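Please consult the sequence and the structure while reading.

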Amino acid sequence: MSTRLIKEGVYAVGAIDWNERRFHGYTYATKRGVTYNAYLVIDKKVTLIDTVRKGFEKELIANIREVIDPSKIDVIVINHIEPDHSGAFPEVLKICPNAKIYGTENARQGLLKYYGISGDWTAVKSGQNLNIGKRTLDFIDVPMIHWPDSMFTYSAYDRILFSNDGFGQHYATNKIFDDEVDFDVLMDEVQKYYANILWPFNMLIASKLAAIGKLNLNIEIVAPSHGLVWRKYVSEIMQKYLYWSSHLCKNRIAVVYETMWNSTEKMARKIIEGITSEGVEAVLFDVTKNDRSDIASYMLDAKGWVFGSSTHDGEMLPVIASFLHFLKGSKAKGRKSFAFGSYGWSGEAVKNIENTVSNVTSFDPSLRVVFNPNKEELNKCFATGKTFALKIKNEK
Ligand code: FEO
């Protein structure tokens, strides 16, 4: 990323990780790459808001240098310490060792644990602020958006909310603003990001958004630390966060399965035919052919979740087992499900499925067939899909 002006005196100086394809270890498939955004505010006190991932410090420092000598940085605001934002902090601090650092106490402790340094730190929390000249930066602690240390920083002078992980997307591009890219692609990425990063924290996000709403901030720009900066669609992204964090869903159904000798797949196809016969939107996901990040994104606001697996050695198959293990951490609410699958002689997979994700959905009776579904059993799959679709459609 070369430096971009966000507003007079405020520059995006972060880095683009064009080729990152797996984020959070292996958990999140980032097919469009990732950006690590940081912002430089030129005022009486030159202020850097967040840093970037280790390995991108040269890009960050070069970008800062396009605007000002990095040694002139007076203040560093650390909104969040996860290494994708704090990895370059030690290198930046070497260049401006006298900079004053602001962040939560949790952030200070985390930086000490990661890097053994925290600099000249002032712990801040909601209600506290820092005057840097024309601007006063207001700090808003937002624990679990995305970690306990997280905070937002608001500049009333610029009407910018620096939201770190909040409202982000994993989308590497040399564009900077939301209206410079395709809106549908942007919204797909923001939904995937929410599903894969923030879904488990719905309850905290909803209450924090309500609290921020009461502050009556005049937000013209939302500048996250991943992806595009929101200026045209600020209201849309706020509404989306309210919607997702309230566990609201659409009348749509994800049919997620793994098959060994295609018998479970035959069942899945009949089930989705039954669902579709009622005019309910549904998507069939073979977990071995779709990335779990994309499946989770669809499931974020799908009211119906249907899971299928063949039984293998008394267990469900391993790829769907991994996916369900991931899904049970979502803390989703208000979902309806049933499980299905073929088996040879024992048939434990459906019970394994129910036991694994019973904390995030409720199950109707399961469907099992021995070896290969016959015509009558396929008709039953169709009828079960149809009945399930009616339930999803008619439930208030
Ligand atoms: Fe983008 Fe929680 O780090």
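In which loop is N216 found? In this predicted model, N216 is located in the loop between helix 6 (202-214) and strand 16.

**Backbone and overall form**

Most residues other than glycine have a negative phi, and most peptide bonds are trans. N216 is not a glycine, yet it has a positive phi of about 50 degrees. Its relative accessible area is 66%, above the 50% limit, so N216 is classed as exposed. R159 is likewise not a glycine and has a positive phi of about 60 degrees. R159 belongs to the loop between strand 14 (151-155) and strand 15 (160-164). With a relative accessibility of 36%, R159 counts as partly exposed, because this class covers the values between 20% and 50%.

The protein contains twelve helices and 24 strands. Of its 396 residues, 56% are buried. The C-alpha trace spans about 75 × 40 × 35 Å along the principal axes. For 396 residues, a compact globule would have a radius of gyration near 21 Å, and the 24 Å of the protein agrees with this.

**Aromatic rings**

A pair of aromatic rings is described by the distance of the centres and the angle of the planes. A search of the whole structure gives 18 aromatic pairs. One of them joins F183 and Y233, whose ring centres are 4.4 Å apart and whose planes meet at 50 degrees, so the pair is tilted. Which parts of the chain does this pair link? F183 is in helix 5 (residues 183-198), whereas Y233 is in the loop between strand 16 (221-224) and helix 7 (234-245). The two residues are 50 residues apart, and the pair thus links distant parts of the chain. F183 is partly exposed, at a relative accessible area of 29%, while Y233 is buried, at 16%.

F323 and F326 form another tilted pair, with 6.4 Å from centre to centre and 40 degrees between the planes. Both residues lie in helix 10 (residues 318-327), three residues apart, which is about one turn of the helix. F323 is buried, with a relative accessibility of 2%, because buried means under 20%. F326 has a relative accessible area of 24% and is partly exposed.

| Pair | Centre to centre | Angle between planes |
|---|---|---|
| F183 and Y233 | 4.4 Å | 50 degrees |
| F323 and F326 | 6.4 Å | 40 degrees |

R292 lies over the face of F326, at 5.8 Å from the ring centre. The charged end of R231 sits over the ring of F177, 3.8 Å from the centre of that ring.

Rolling a probe the size of a water molecule over the atoms shows where empty space is left. How many cavities of 30 Å³ or more does a search of the whole structure find? The search finds one. The largest cavity holds about 30 Å³ of space. Its lining consists of F23, H24, E82, D84, H146, D165, H170, Y193, I197 and H226. By class, three of these lining residues are nonpolar, four are polar and three are charged.

Methods
Residues numbered from 1 in each chain as written. Predicted model: local features only at pLDDT ≥ 70, side-chain atom pairs only at ≥ 80, totals over all residues. Heavy atoms only, no water. Phe/Tyr/Trp six-rings, centres within 6.5 Å; stacked < 30°, edge-to-face > 60°. Helix = DSSP H or I, 4+ residues; strand = E, 2+ residues; numbered from the N terminus. Buried < 20%, exposed > 50% of the residue type's maximum accessible area, 1.4 Å probe, protein only. Lys NZ or Arg CZ within 6 Å of the ring centre and 35° of its normal. 1 Å grid on protein atoms, 1.4 Å probe; cavity = no way out; pocket = protein on both sides within 12 Å on 5 of 7 lines; lining within 4 Å. Points joined across faces, edges and corners; volume = space filled by probe spheres on them. Nonpolar A, V, L, I, M, F, W, Y, C, P; charged D, E, K, R; others polar. Rg over C-alpha atoms; globule rule 2.2 N^0.38 Å.
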